[in-house]
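Here is a structure to read slowly, with each term set beside the rule that defines it.

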Amino acid sequence: MSNLLMKYLLALSLTLSTLSCAQAGDGASVYYNPVIKYSLPDPTVIKAADGYFYLYATEDTHNVPIYRSKDLVTWRYAGTAFTDATRPMDFVPNGGIWAPDINYVNGKYVLYYSKSEWGKTWECGIGVAVSDRPNGGFHDAHKLFISSEVGIENCIDPFFIRVDSCNYLFWGSFHDIYGVQLSDDGLSIMEGAQPKKIAGGLIEATMIVKHDNFFYLIGSAGSCCEGANSTYRLVMARSRNLFGPYVDRNGGSAVGDHFSPLLNKSPEVYGPGHCSEWVTDDAGQTWMLYHGYQSADVDAGRVVYLDKIVWGNDGWPQVQGMRPSTEAEVPVFGSQDGISEKKTVSDNAYLINHVSDGGYYRIDSPDNDLFSWQVYNASGNMVLKGESKKTAIVDASMIQRGLYILKVNGKTGRCCEKIWRQ
């Protein structure tokens with residue numbers, strides 16, 4: 001077995017051990033936090049045309065991990081946004097890909113991302129890539145700008161929003177928050193547009209949501225990444241206009257670093273912050289995903305939490321107790337005879353993903369039952385086969401160049417995928 005495969009299997013075993021603890025049983029009306037017990041910092045989420053939610057995160061998993069869910073509670077690994085061949089390299093070549101932001105623009109899945117090395121606040125920047133599908137295949141990655149080019153320090157943490165048929169990008173990390181208008185396709189800065197400052201240096205991880213004629217600026221203040229010593233927390237301000245002025249509950253200016261609290265740490269969760277776009281379920285309830293450290297297992301990294309947002313009589317968003325929940329009623333998704341229900345919604349598909357380094361393929365089963373897999377060449381002859389439970393790694397690195405079909409058969413169904421071996 002190659003060192004590469006051994007390394008990948010180790011990472012896989014960690015993923016599986018954490019996910020199995022996070023999943024609620026079929027038909028459950030209560031979920032337990034964290035909903036993903038694997039390190040996925042800075043989550044961003046989108047509901048795709050296939051009805052699934054897709055979550056992307058800072059690449060603790062190489063090339064930007066993607067998870068999918070039908071109900072925001074039960075998540076399964078669905079691949080990576082990039083491969084080593086498509087990984088953005090046109091700026092900060094040695095940098096990590098941080099804080100992605102996924103969107104659907106003009107019929108394409110558009111992913112904004114940060115490229116940065118820790119502490120190099122003038123060399124980091126923001127790029128963009130596109131795909132026809134939500135579970136990977138991002139290509140045409142290119143730079144939008146880097147800090148030294150626009151004269152704004154620490155240009156990371158992008159956030160896209162579309163308002164009145166126009167596209168905008170906001171960004172920044174502890175060196176002021178800025179926004180600018182984008183082109184109609186969202187892939188470049190609008191010609192002649194200049195960045196405008198909307199908040200000071202207290203926060204990073206901008207997320208803006210519109211509710212009842214107000215724009216709410218949600219940010220994260222404090223230290224994100226120090227385990228039990230993290231002071232990360234969610235804060236907020238609001239404005240009648242997208243570009244401000246934003247103010248806190250007392251009328252203090254966000255440009256002057258005045259924000260009101262939204263979510264603080266708890267005895268169970270350290271450093272909660274960097275929330276995703278907010279999601280509305282079938283009952284009209286608002287939900288957010290965010291990362292935090294489990295006090296019971298800080299070494300697991302920044303895992304993913306889910307909590308409900310309640311809009312107060314004063315219009316401001318609230319999280320119960322301003323603390324992460326340990327358990328709560330599940331979001332309302334799915335329907336039976338037209339009636340939405342409070343229960344988890346199962347994902348019964350087999351998922352096949354190409355491992356970016358080497359000729360390895362990963363098969364994820366929706367259950368723990370035995371399944372079989374076979375690889376056939378273009379002539380219909382079987383060249384590889386195997387059986388597994390839960391997850392299998394198919395080593396196709398030694399087969400000859402050509403077109404192959406990987407087929408999977410199990411209790412819950414069948415699937416197949418074409419393989420091209422270089």
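Q: What makes the link of Cys224 to Cys225 a disulfide?
A: In this predicted model, the S to S distance from Cys224 to Cys225 is 2.0 Å, and a disulfide is a pair of cysteine sulfur atoms within 2.5 Å, so the pair meets the definition. A search of the whole structure finds one disulfide. Residues are numbered from 1 along each chain as its sequence is written, and side-chain values use heavy atoms, with hydrogens and water left out. Because the model is predicted, local features need pLDDT of at least 70 and side-chain atom pairs count only at pLDDT 80 or more, while totals for chains, interfaces and linings use all residues.

Q: Why is Cys224 called buried?
A: Cys224 has 14% relative accessibility, and buried means under 20% relative accessible area, exposed over 50% and partly exposed in between (1.4 Å probe, protein chains only), so Cys224 counts as buried.

Q: Why does Cys225 count as partly exposed?
A: The relative accessibility of Cys225 is 30%, which places Cys225 in the partly exposed class. As for Cys275, that residue is in no disulfide, and the nearest cysteine sulfur, that of Cys224, is 14 Å away.

Q: How do you know that Cys275 is buried?
A: Cys275 has a relative accessible area of 5%, and therefore it is buried.

Q: What makes Cys415 buried?
A: With 18% relative accessibility, Cys415 counts as buried.
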